[in-house]
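The following exercises concern the contact between two protein chains. Study the sequence and the structure, then work through each solution step by step.

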Amino acid sequence: MTNRKIRVLVAKPGLDGHDRGAKVVARALRDAGMEVIYTGLRQTPEMIAEAALQEDVDVIGLSILSGAHMALVPRVMELLKANGQETVKVFLGGIIPDEDIPTLRQVGVTGVYGPGASTDQIVTDIQASFAA
Amino acid sequence: MPDLITPTLAGDKLSLSRLLSHIENDSEEGIRALDSLFPHTGKAHLIGVTGAPGTGKSSLVNRLALQFRSQGRRVAILAVDPSSPFTGGAVLGDRVRMRDLSGDPGIFIRSMASRGSLGGLAAASAAMTQAFDAAGYEVILIETVGAGQSEVDVARLAHTTLVVEAPGLGDDIQAIKAGILEIADILVINKADRPGADSTERALKTMLELAHPVEKVFQHHGKTFRTPAATANPAPLWVPPIRRSVATTGEGLPELLEAIEQHAAHLRLTGEWQKRDKARLETELELIVREALFAQFFAGLAPGVIEEHLQQIQRRNLSPREAARQLLREA
Ligand SMILES: Nc1nc2c(ncn2[C@@H]2O[C@H](COP(=O)(O)OP(=O)(O)O)[C@@H](O)[C@H]2O)c(=O)[nH]1
Ligand SMILES: [Mg+2]
(Lines give C-alpha, C1' and ligand atoms only; values in the text may rest on other atoms or scores of the structure.)
(Ligands and ions follow the chains in the order given, each with its own letter.)
Protein backbone atom coordinates (compact mmCIF):
# COMPACT_ATOMS: atom_id res chain seq x y z
CA MET A 1 0.00 0.00 0.00
CA THR A 2 2.03 2.91 -1.28
CA ASN A 3 -0.39 5.74 -0.71
CA ARG A 4 -1.35 5.01 2.81
CA LYS A 5 -0.17 7.52 5.37
CA ILE A 6 1.52 6.25 8.50
CA ARG A 7 -1.03 6.36 11.30
CA VAL A 8 0.33 6.97 14.77
CA LEU A 9 -1.42 6.85 18.11
CA VAL A 10 0.21 9.25 20.56
CA ALA A 11 -0.78 8.49 24.12
CA LYS A 12 0.23 9.50 27.57
CA PRO A 13 -0.34 6.65 29.98
CA GLY A 14 0.10 6.99 33.73
CA LEU A 15 -0.73 9.71 36.14
CA ASP A 16 1.96 12.30 35.56
CA GLY A 17 0.75 15.79 34.91
CA HIS A 18 1.38 17.43 31.56
CA ASP A 19 1.50 16.46 27.91
CA ARG A 20 3.66 19.17 26.37
CA GLY A 21 6.27 16.69 25.19
CA ALA A 22 3.66 14.40 23.65
CA LYS A 23 2.08 17.33 21.83
CA VAL A 24 5.41 18.48 20.44
CA VAL A 25 6.03 14.99 19.09
CA ALA A 26 2.49 14.81 17.68
CA ARG A 27 3.03 18.04 15.76
CA ALA A 28 6.41 16.92 14.46
CA LEU A 29 4.87 13.71 13.14
CA ARG A 30 2.07 15.65 11.49
CA ASP A 31 4.61 17.95 9.88
CA ALA A 32 6.31 14.84 8.52
CA GLY A 33 3.03 13.94 6.80
CA MET A 34 1.76 11.36 9.26
CA GLU A 35 -1.74 11.06 10.67
CA VAL A 36 -1.56 11.35 14.43
CA ILE A 37 -4.38 10.26 16.67
CA TYR A 38 -3.94 12.14 19.88
CA THR A 39 -5.68 10.76 22.95
CA GLY A 40 -4.56 13.00 25.77
CA LEU A 41 -3.60 12.46 29.38
CA ARG A 42 -4.01 9.59 31.83
CA GLN A 43 -4.61 6.76 29.42
CA THR A 44 -4.73 3.26 30.78
CA PRO A 45 -3.10 0.44 28.79
CA GLU A 46 -6.64 -0.79 28.06
CA MET A 47 -7.65 2.57 26.61
CA ILE A 48 -4.51 2.68 24.50
CA ALA A 49 -5.02 -0.80 23.09
CA GLU A 50 -8.68 -0.08 22.37
CA ALA A 51 -7.84 3.13 20.52
CA ALA A 52 -5.08 1.39 18.57
CA LEU A 53 -7.56 -1.28 17.52
CA GLN A 54 -10.31 1.10 16.42
CA GLU A 55 -7.90 3.42 14.62
CA ASP A 56 -5.90 0.64 12.90
CA VAL A 57 -2.64 2.43 13.65
CA ASP A 58 0.80 1.39 12.45
CA VAL A 59 2.66 2.97 15.32
CA ILE A 60 2.06 3.81 18.96
CA GLY A 61 4.09 6.55 20.61
CA LEU A 62 3.98 6.44 24.39
CA SER A 63 5.20 9.25 26.59
CA ILE A 64 5.88 8.21 30.18
CA LEU A 65 7.57 10.51 32.66
CA SER A 66 6.29 8.96 35.86
CA GLY A 67 8.71 6.05 36.02
CA ALA A 68 5.87 3.56 35.65
CA HIS A 69 7.03 2.35 32.25
CA MET A 70 8.02 -1.12 33.47
CA ALA A 71 4.43 -1.70 34.58
CA LEU A 72 2.65 0.07 31.73
CA VAL A 73 4.59 -0.88 28.62
CA PRO A 74 4.55 -4.69 28.99
CA ARG A 75 0.80 -4.47 29.65
CA VAL A 76 0.25 -2.46 26.47
CA MET A 77 2.29 -5.00 24.48
CA GLU A 78 0.30 -7.86 25.99
CA LEU A 79 -3.02 -6.27 25.04
CA LEU A 80 -1.86 -5.49 21.51
CA LYS A 81 -0.92 -9.11 21.08
CA ALA A 82 -4.24 -10.30 22.48
CA ASN A 83 -6.00 -8.06 19.94
CA GLY A 84 -3.99 -9.43 17.02
CA GLN A 85 -2.01 -6.22 16.65
CA GLU A 86 1.46 -7.50 17.44
CA THR A 87 2.82 -5.90 14.26
CA VAL A 88 2.13 -2.39 15.56
CA LYS A 89 5.44 -0.68 16.31
CA VAL A 90 5.77 0.89 19.73
CA PHE A 91 8.04 3.86 20.45
CA LEU A 92 8.60 5.09 23.96
CA GLY A 93 9.69 8.50 25.18
CA GLY A 94 10.38 9.67 28.71
CA ILE A 95 12.79 9.26 31.55
CA ILE A 96 13.87 5.66 31.02
CA PRO A 97 16.91 4.31 32.90
CA ASP A 98 19.42 2.52 30.64
CA GLU A 99 19.11 -0.74 32.55
CA ASP A 100 15.39 -0.97 31.66
CA ILE A 101 15.96 -0.72 27.92
CA PRO A 102 16.91 -4.38 27.25
CA THR A 103 13.72 -5.58 28.96
CA LEU A 104 11.62 -3.08 27.03
CA ARG A 105 13.20 -4.21 23.77
CA GLN A 106 12.52 -7.76 24.72
CA VAL A 107 8.80 -7.15 25.13
CA GLY A 108 8.84 -5.62 21.66
CA VAL A 109 9.46 -1.89 21.98
CA THR A 110 11.04 -0.58 18.76
CA GLY A 111 12.61 2.66 19.99
CA VAL A 112 13.30 4.37 23.30
CA TYR A 113 13.97 8.11 23.61
CA GLY A 114 15.17 10.20 26.52
CA PRO A 115 14.12 13.78 27.23
CA GLY A 116 17.00 15.10 25.10
CA ALA A 117 16.04 13.23 21.92
CA SER A 118 15.23 15.35 18.89
CA THR A 119 11.84 15.04 17.24
CA ASP A 120 13.67 14.74 13.91
CA GLN A 121 15.30 11.57 15.15
CA ILE A 122 11.95 10.11 16.17
CA VAL A 123 10.43 10.98 12.80
CA THR A 124 13.37 9.46 10.93
CA ASP A 125 13.27 6.28 12.98
CA ILE A 126 9.54 5.80 12.46
CA GLN A 127 9.88 6.35 8.73
CA ALA A 128 12.87 3.99 8.59
CA SER A 129 10.93 1.27 10.36
CA PHE A 130 8.51 1.25 7.41
CA ALA A 131 11.10 1.56 4.67
CA ALA A 132 12.11 -2.10 4.80
CA MET B 1 -5.31 -11.24 2.18
CA PRO B 2 -7.58 -12.73 4.85
CA ASP B 3 -11.33 -12.39 4.51
CA LEU B 4 -12.34 -9.31 6.46
CA ILE B 5 -15.99 -9.24 5.49
CA THR B 6 -17.36 -12.29 7.27
CA PRO B 7 -15.70 -11.43 10.61
CA THR B 8 -16.76 -7.78 10.24
CA LEU B 9 -20.37 -8.83 9.83
CA ALA B 10 -19.94 -11.10 12.85
CA GLY B 11 -18.72 -8.19 14.99
CA ASP B 12 -14.94 -8.61 14.90
CA LYS B 13 -13.43 -5.20 15.55
CA LEU B 14 -9.96 -5.71 14.14
CA SER B 15 -11.45 -6.83 10.82
CA LEU B 16 -13.79 -3.84 10.76
CA SER B 17 -10.90 -1.53 11.59
CA ARG B 18 -8.72 -2.94 8.79
CA LEU B 19 -11.64 -2.78 6.40
CA LEU B 20 -12.14 0.88 7.26
CA SER B 21 -8.50 1.51 6.34
CA HIS B 22 -8.93 -0.24 3.01
CA ILE B 23 -12.04 1.79 2.33
CA GLU B 24 -10.38 5.04 3.32
CA ASN B 25 -7.45 4.26 1.04
CA ASP B 26 -9.78 3.42 -1.81
CA SER B 27 -7.94 0.15 -2.32
CA GLU B 28 -9.17 -2.73 -4.50
CA GLU B 29 -10.01 -4.73 -1.37
CA GLY B 30 -11.92 -1.80 0.05
CA ILE B 31 -13.97 -1.32 -3.09
CA ARG B 32 -14.79 -5.02 -3.32
CA ALA B 33 -15.67 -5.16 0.37
CA LEU B 34 -18.19 -2.37 -0.08
CA ASP B 35 -20.05 -4.44 -2.66
CA SER B 36 -20.35 -7.34 -0.23
CA LEU B 37 -21.31 -5.13 2.69
CA PHE B 38 -23.91 -3.11 0.83
CA PRO B 39 -26.86 -5.51 1.22
CA HIS B 40 -26.38 -5.24 4.99
CA THR B 41 -26.66 -1.45 5.05
CA GLY B 42 -29.61 0.92 5.34
CA LYS B 43 -30.51 0.28 8.94
CA ALA B 44 -28.53 2.89 10.87
CA HIS B 45 -29.58 6.40 11.84
CA LEU B 46 -26.86 8.69 10.51
CA ILE B 47 -26.43 11.84 12.55
CA GLY B 48 -24.11 14.63 11.42
CA VAL B 49 -22.61 17.00 13.96
CA THR B 50 -20.99 20.03 12.42
CA GLY B 51 -19.91 23.52 13.42
CA ALA B 52 -16.88 25.76 13.88
CA PRO B 53 -13.79 24.48 15.70
CA GLY B 54 -14.08 24.69 19.47
CA THR B 55 -17.86 24.85 19.65
CA GLY B 56 -17.84 21.57 21.57
CA LYS B 57 -18.76 19.05 18.87
CA SER B 58 -16.58 16.23 20.18
CA SER B 59 -17.77 16.80 23.74
CA LEU B 60 -21.34 16.73 22.47
CA VAL B 61 -20.76 13.56 20.47
CA ASN B 62 -19.40 11.99 23.66
CA ARG B 63 -22.60 12.89 25.51
CA LEU B 64 -24.90 11.83 22.70
CA ALA B 65 -23.17 8.48 22.47
CA LEU B 66 -23.69 7.95 26.20
CA GLN B 67 -27.39 8.75 25.78
CA PHE B 68 -27.81 6.31 22.91
CA ARG B 69 -25.87 3.66 24.82
CA SER B 70 -28.21 4.02 27.78
CA GLN B 71 -30.96 2.97 25.37
CA GLY B 72 -28.88 -0.04 24.46
CA ARG B 73 -28.14 1.08 20.92
CA ARG B 74 -24.71 0.41 19.42
CA VAL B 75 -22.92 3.58 18.39
CA ALA B 76 -20.18 4.26 15.84
CA ILE B 77 -18.44 7.61 15.62
CA LEU B 78 -16.61 8.97 12.60
CA ALA B 79 -14.62 12.01 13.70
CA VAL B 80 -13.20 14.04 10.84
CA ASP B 81 -10.53 16.66 11.44
CA PRO B 82 -8.70 18.80 8.90
CA SER B 83 -5.40 17.75 7.37
CA SER B 84 -2.51 20.14 7.12
CA PRO B 85 -2.62 21.60 3.61
CA PHE B 86 1.17 21.76 3.56
CA THR B 87 2.27 18.32 4.64
CA GLY B 88 -0.89 16.24 4.28
CA GLY B 89 -0.39 15.14 7.86
CA ALA B 90 -2.91 15.67 10.63
CA VAL B 91 -3.36 15.69 14.36
CA LEU B 92 -6.72 14.09 15.08
CA GLY B 93 -7.67 15.05 18.61
CA ASP B 94 -11.36 14.31 18.95
CA ARG B 95 -10.86 11.21 21.08
CA VAL B 96 -9.53 13.40 23.87
CA ARG B 97 -13.14 14.49 24.56
CA MET B 98 -14.52 10.96 24.30
CA ARG B 99 -12.78 9.28 27.22
CA ASP B 100 -16.12 8.40 28.82
CA LEU B 101 -16.76 6.01 25.97
CA SER B 102 -13.68 3.87 26.43
CA GLY B 103 -14.14 0.31 27.57
CA ASP B 104 -17.63 0.07 26.11
CA PRO B 105 -17.77 -2.72 23.51
CA GLY B 106 -20.91 -1.14 22.02
CA ILE B 107 -18.92 1.88 20.84
CA PHE B 108 -16.50 2.21 17.93
CA ILE B 109 -14.67 5.50 17.39
CA ARG B 110 -12.71 6.15 14.23
CA SER B 111 -10.78 9.33 13.43
CA MET B 112 -10.28 10.45 9.86
CA ALA B 113 -8.21 13.23 8.30
CA SER B 114 -10.17 15.34 5.85
CA ARG B 115 -7.66 15.07 3.04
CA GLY B 116 -6.30 11.68 3.91
CA SER B 117 -8.81 9.82 1.79
CA LEU B 118 -7.77 9.27 -1.79
CA GLY B 119 -11.28 9.06 -3.18
CA GLY B 120 -12.42 12.36 -1.68
CA LEU B 121 -13.81 13.12 1.73
CA ALA B 122 -17.50 12.81 0.98
CA ALA B 123 -17.08 9.50 -0.85
CA ALA B 124 -14.84 8.09 1.87
CA SER B 125 -17.18 9.12 4.68
CA ALA B 126 -20.15 7.63 2.87
CA ALA B 127 -18.27 4.38 2.45
CA MET B 128 -17.00 4.31 6.03
CA THR B 129 -20.51 4.81 7.39
CA GLN B 130 -21.71 1.94 5.19
CA ALA B 131 -19.14 -0.31 6.83
CA PHE B 132 -20.35 0.73 10.30
CA ASP B 133 -23.95 0.25 9.24
CA ALA B 134 -23.26 -3.24 7.90
CA ALA B 135 -21.33 -4.12 11.06
CA GLY B 136 -24.49 -3.49 13.06
CA TYR B 137 -23.96 -0.04 14.52
CA GLU B 138 -27.43 1.41 14.89
CA VAL B 139 -26.48 5.03 15.41
CA ILE B 140 -23.61 6.60 13.48
CA LEU B 141 -22.40 10.01 14.59
CA ILE B 142 -20.32 11.90 12.05
CA GLU B 143 -18.36 14.87 13.39
CA THR B 144 -17.04 17.37 10.87
CA VAL B 145 -15.70 20.89 11.05
CA GLY B 146 -18.22 23.04 9.27
CA ALA B 147 -15.75 24.87 7.12
CA GLY B 148 -15.77 23.93 3.47
CA GLN B 149 -18.00 22.47 0.80
CA SER B 150 -16.70 18.97 1.28
CA GLU B 151 -17.55 19.09 4.99
CA VAL B 152 -21.02 20.28 4.06
CA ASP B 153 -21.27 17.35 1.67
CA VAL B 154 -20.37 15.03 4.51
CA ALA B 155 -23.09 16.53 6.67
CA ARG B 156 -25.54 15.93 3.83
CA LEU B 157 -24.87 12.24 4.19
CA ALA B 158 -26.76 12.24 7.43
CA HIS B 159 -30.45 11.72 8.06
CA THR B 160 -30.27 14.29 10.83
CA THR B 161 -27.78 17.13 10.89
CA LEU B 162 -26.95 19.05 14.04
CA VAL B 163 -25.30 22.43 13.54
CA VAL B 164 -23.47 23.45 16.69
CA GLU B 165 -22.95 27.05 17.74
CA ALA B 166 -21.35 28.42 20.87
CA PRO B 167 -21.63 31.90 22.36
CA GLY B 168 -18.58 34.08 22.51
CA LEU B 169 -16.76 32.93 19.41
CA GLY B 170 -16.96 36.39 17.90
CA ASP B 171 -19.84 38.55 16.77
CA ASP B 172 -21.06 36.43 13.90
CA ILE B 173 -22.90 33.22 13.92
CA GLN B 174 -20.14 30.99 12.62
CA ALA B 175 -22.46 28.68 10.73
CA ILE B 176 -23.90 31.52 8.70
CA LYS B 177 -20.46 32.50 7.59
CA ALA B 178 -19.67 28.97 6.57
CA GLY B 179 -23.03 28.58 4.84
CA ILE B 180 -23.99 25.52 6.80
CA LEU B 181 -27.09 26.84 8.52
CA GLU B 182 -29.31 25.71 5.69
CA ILE B 183 -28.40 22.09 6.21
CA ALA B 184 -29.35 22.15 9.91
CA ASP B 185 -32.16 19.92 11.09
CA ILE B 186 -31.45 20.87 14.68
CA LEU B 187 -29.56 23.89 15.94
CA VAL B 188 -27.56 23.42 19.10
CA ILE B 189 -26.31 26.26 21.24
CA ASN B 190 -23.61 24.48 23.18
CA LYS B 191 -21.66 26.08 26.02
CA ALA B 192 -24.97 27.46 27.21
CA ASP B 193 -23.24 27.97 30.57
CA ARG B 194 -21.28 30.79 28.98
CA PRO B 195 -22.48 34.39 28.73
CA GLY B 196 -24.01 35.36 25.40
CA ALA B 197 -26.24 32.34 24.85
CA ASP B 198 -29.33 34.56 24.70
CA SER B 199 -27.99 36.76 21.95
CA THR B 200 -26.79 33.72 20.02
CA GLU B 201 -30.29 32.29 20.24
CA ARG B 202 -31.87 35.55 19.09
CA ALA B 203 -29.57 35.70 16.08
CA LEU B 204 -30.32 32.10 15.19
CA LYS B 205 -34.06 32.68 15.48
CA THR B 206 -33.86 35.60 13.12
CA MET B 207 -31.94 33.53 10.62
CA LEU B 208 -34.43 30.72 10.92
CA GLU B 209 -37.37 32.98 10.26
CA LEU B 210 -35.74 34.13 7.07
CA ALA B 211 -35.01 30.59 6.02
CA HIS B 212 -38.34 29.09 7.08
CA PRO B 213 -40.97 31.82 6.73
CA VAL B 214 -44.21 31.12 8.51
CA GLU B 215 -47.56 32.73 7.80
CA LYS B 216 -47.66 36.20 9.26
CA VAL B 217 -50.85 38.01 10.16
CA PHE B 218 -50.69 41.76 10.44
CA GLN B 219 -53.08 44.72 10.67
CA HIS B 220 -52.96 47.70 8.39
CA HIS B 221 -55.60 50.48 8.39
CA GLY B 222 -57.91 48.26 10.37
CA LYS B 223 -57.77 45.42 7.83
CA THR B 224 -56.27 42.00 8.39
CA PHE B 225 -53.59 40.88 5.97
CA ARG B 226 -51.96 37.51 5.69
CA THR B 227 -48.70 36.71 4.05
CA PRO B 228 -48.94 33.43 2.19
CA ALA B 229 -47.57 30.43 4.05
CA ALA B 230 -44.13 29.34 2.94
CA THR B 231 -45.05 26.39 0.76
CA ALA B 232 -47.98 24.41 -0.45
CA ASN B 233 -46.32 21.30 0.93
CA PRO B 234 -49.07 19.14 2.43
CA ALA B 235 -46.56 17.29 4.64
CA PRO B 236 -45.95 18.84 8.01
CA LEU B 237 -42.99 21.17 7.76
CA TRP B 238 -39.92 20.63 9.86
CA VAL B 239 -38.71 23.88 11.35
CA PRO B 240 -35.28 23.28 12.93
CA PRO B 241 -35.65 23.52 16.69
CA ILE B 242 -33.03 25.31 18.76
CA ARG B 243 -31.70 23.40 21.76
CA ARG B 244 -29.25 24.53 24.41
CA SER B 245 -26.64 22.22 25.86
CA VAL B 246 -23.66 22.11 28.16
CA ALA B 247 -21.64 19.23 26.80
CA THR B 248 -19.20 19.26 29.69
CA THR B 249 -21.93 18.50 32.25
CA GLY B 250 -24.58 16.85 30.10
CA GLU B 251 -27.15 19.53 30.76
CA GLY B 252 -29.75 19.75 27.99
CA LEU B 253 -28.77 16.38 26.55
CA PRO B 254 -32.09 14.58 27.16
CA GLU B 255 -33.90 17.44 25.38
CA LEU B 256 -31.43 17.30 22.51
CA LEU B 257 -31.89 13.57 22.22
CA GLU B 258 -35.64 14.06 22.17
CA ALA B 259 -35.30 16.53 19.29
CA ILE B 260 -33.21 13.99 17.39
CA GLU B 261 -35.83 11.29 17.95
CA GLN B 262 -38.58 13.67 16.86
CA HIS B 263 -36.67 14.44 13.70
CA ALA B 264 -36.22 10.76 12.92
CA ALA B 265 -39.94 10.21 13.52
CA HIS B 266 -40.75 13.15 11.26
CA LEU B 267 -38.56 11.74 8.49
CA ARG B 268 -40.28 8.38 8.70
CA LEU B 269 -43.79 9.83 8.94
CA THR B 270 -43.40 12.06 5.89
CA GLY B 271 -41.52 9.57 3.76
CA GLU B 272 -38.57 11.93 3.88
CA TRP B 273 -36.36 9.15 5.28
CA GLN B 274 -36.78 7.17 2.05
CA LYS B 275 -36.32 10.30 -0.01
CA ARG B 276 -33.08 11.23 1.71
CA ASP B 277 -31.84 7.70 1.40
CA LYS B 278 -32.60 7.73 -2.31
CA ALA B 279 -31.01 11.15 -2.83
CA ARG B 280 -27.91 10.00 -1.05
CA LEU B 281 -27.63 6.84 -3.13
CA GLU B 282 -28.26 8.84 -6.29
CA THR B 283 -25.37 11.15 -5.45
CA GLU B 284 -23.18 8.18 -4.76
CA LEU B 285 -24.11 6.51 -8.03
CA GLU B 286 -23.47 9.72 -9.96
CA LEU B 287 -20.09 10.18 -8.34
CA ILE B 288 -19.02 6.66 -9.18
CA VAL B 289 -20.24 6.88 -12.78
CA ARG B 290 -18.58 10.24 -13.25
CA GLU B 291 -15.27 8.96 -11.96
CA ALA B 292 -15.44 5.83 -14.07
CA LEU B 293 -16.30 7.76 -17.23
CA PHE B 294 -13.49 10.17 -16.56
CA ALA B 295 -10.97 7.38 -16.12
CA GLN B 296 -12.29 5.65 -19.23
CA PHE B 297 -12.10 8.84 -21.23
CA PHE B 298 -8.46 9.53 -20.37
CA ALA B 299 -7.48 5.92 -20.84
CA GLY B 300 -8.87 6.00 -24.39
CA LEU B 301 -6.80 8.97 -25.54
CA ALA B 302 -3.43 8.75 -27.26
CA PRO B 303 -0.64 10.30 -25.22
CA GLY B 304 -0.10 13.99 -25.89
CA VAL B 305 -3.52 14.55 -27.44
CA ILE B 306 -4.73 16.65 -24.53
CA GLU B 307 -1.62 18.81 -24.68
CA GLU B 308 -2.04 19.35 -28.46
CA HIS B 309 -5.61 20.46 -28.01
CA LEU B 310 -4.66 22.65 -25.09
CA GLN B 311 -2.10 24.48 -27.21
CA GLN B 312 -4.67 25.03 -29.93
CA ILE B 313 -7.07 26.36 -27.37
CA GLN B 314 -4.49 28.69 -25.94
CA ARG B 315 -3.70 30.05 -29.41
CA ARG B 316 -7.43 30.67 -29.70
CA ASN B 317 -7.64 28.38 -32.73
CA LEU B 318 -10.09 26.16 -30.95
CA SER B 319 -12.68 26.80 -28.26
CA PRO B 320 -12.63 24.58 -25.17
CA ARG B 321 -16.06 23.32 -26.16
CA GLU B 322 -14.99 22.33 -29.68
CA ALA B 323 -11.87 20.69 -28.29
CA ALA B 324 -13.94 18.69 -25.84
CA ARG B 325 -16.23 17.51 -28.65
CA GLN B 326 -13.24 16.36 -30.71
CA LEU B 327 -11.65 14.61 -27.75
CA LEU B 328 -14.87 12.85 -26.87
CA ARG B 329 -15.06 11.51 -30.44
CA GLU B 330 -11.46 10.31 -30.31
CA ALA B 331 -11.58 8.68 -26.89
N1 LIG C 1 -17.92 25.84 29.28
C2 LIG C 1 -18.13 24.87 28.40
N3 LIG C 1 -17.08 24.33 27.75
C4 LIG C 1 -17.32 23.35 26.85
C5 LIG C 1 -18.62 22.87 26.58
N6 LIG C 1 -18.54 21.91 25.63
C7 LIG C 1 -17.23 21.78 25.33
N8 LIG C 1 -16.48 22.65 26.07
C9 LIG C 1 -15.02 22.83 25.99
O10 LIG C 1 -14.70 23.44 24.77
C11 LIG C 1 -13.45 22.96 24.28
C12 LIG C 1 -13.60 22.43 22.87
O13 LIG C 1 -14.43 21.28 22.91
P14 LIG C 1 -14.44 20.20 21.76
O15 LIG C 1 -15.49 19.22 22.11
O16 LIG C 1 -13.08 19.67 21.51
O17 LIG C 1 -14.90 21.09 20.51
P18 LIG C 1 -14.85 20.77 18.93
O19 LIG C 1 -13.60 21.36 18.39
O20 LIG C 1 -16.06 21.47 18.37
O21 LIG C 1 -14.92 19.29 18.75
C22 LIG C 1 -12.99 21.92 25.29
O23 LIG C 1 -12.09 22.53 26.17
C24 LIG C 1 -14.26 21.51 25.99
O25 LIG C 1 -14.04 21.05 27.31
C26 LIG C 1 -19.72 23.46 27.30
O27 LIG C 1 -20.89 23.14 27.10
N28 LIG C 1 -19.40 24.46 28.18
MG1 LIG D 1 -13.71 17.93 17.69
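**Exercise 1.** State which residue A:Glu35 stands opposite, and describe the strand pairing.

*Solution.* In this predicted model, A:Glu35 stands opposite B:Ala90, which lies in β3(B). Next, consider the strands: β2(A) pairs with β3 of chain B (residues 90-92) in the parallel sense, over 3 bridges. Strands are DSSP runs (E, at least two residues), as helices are (H or I, at least four), numbered from the N terminus; two strands pair if DSSP finds at least two bridges between them.

**Exercise 2.** Determine how many residues of each chain are in contact and what area is buried.

*Solution.* First, 30 residues of chain A are in contact (heavy atoms within 4.5 Å) with 30 residues of chain B. Second, the area buried between the two chains is about 2,400 Å², and carbon and sulfur atoms give 50% of this. Buried area is the accessible area (1.4 Å probe) that two parts lose on being put together, summed over both.

**Exercise 3.** Count the salt bridges between the chains and identify one of them.

*Solution.* A salt bridge requires a side-chain nitrogen of Lys or Arg within 4 Å of a carboxyl oxygen of Asp or Glu. The count between chain A and chain B is 2. One of them joins A:Glu55 to B:Arg95, with the closest N and O atoms 2.6 Å apart.

**Conventions.** Residues are numbered from 1 along each chain as its sequence is written, and chains are lettered from A and ligands numbered from 1 in the order in which they are written. Local features need pLDDT of at least 70 and side-chain atom pairs pLDDT 80 or more, whereas totals for chains, interfaces and linings use all residues; side-chain values use heavy atoms, without hydrogens and water.
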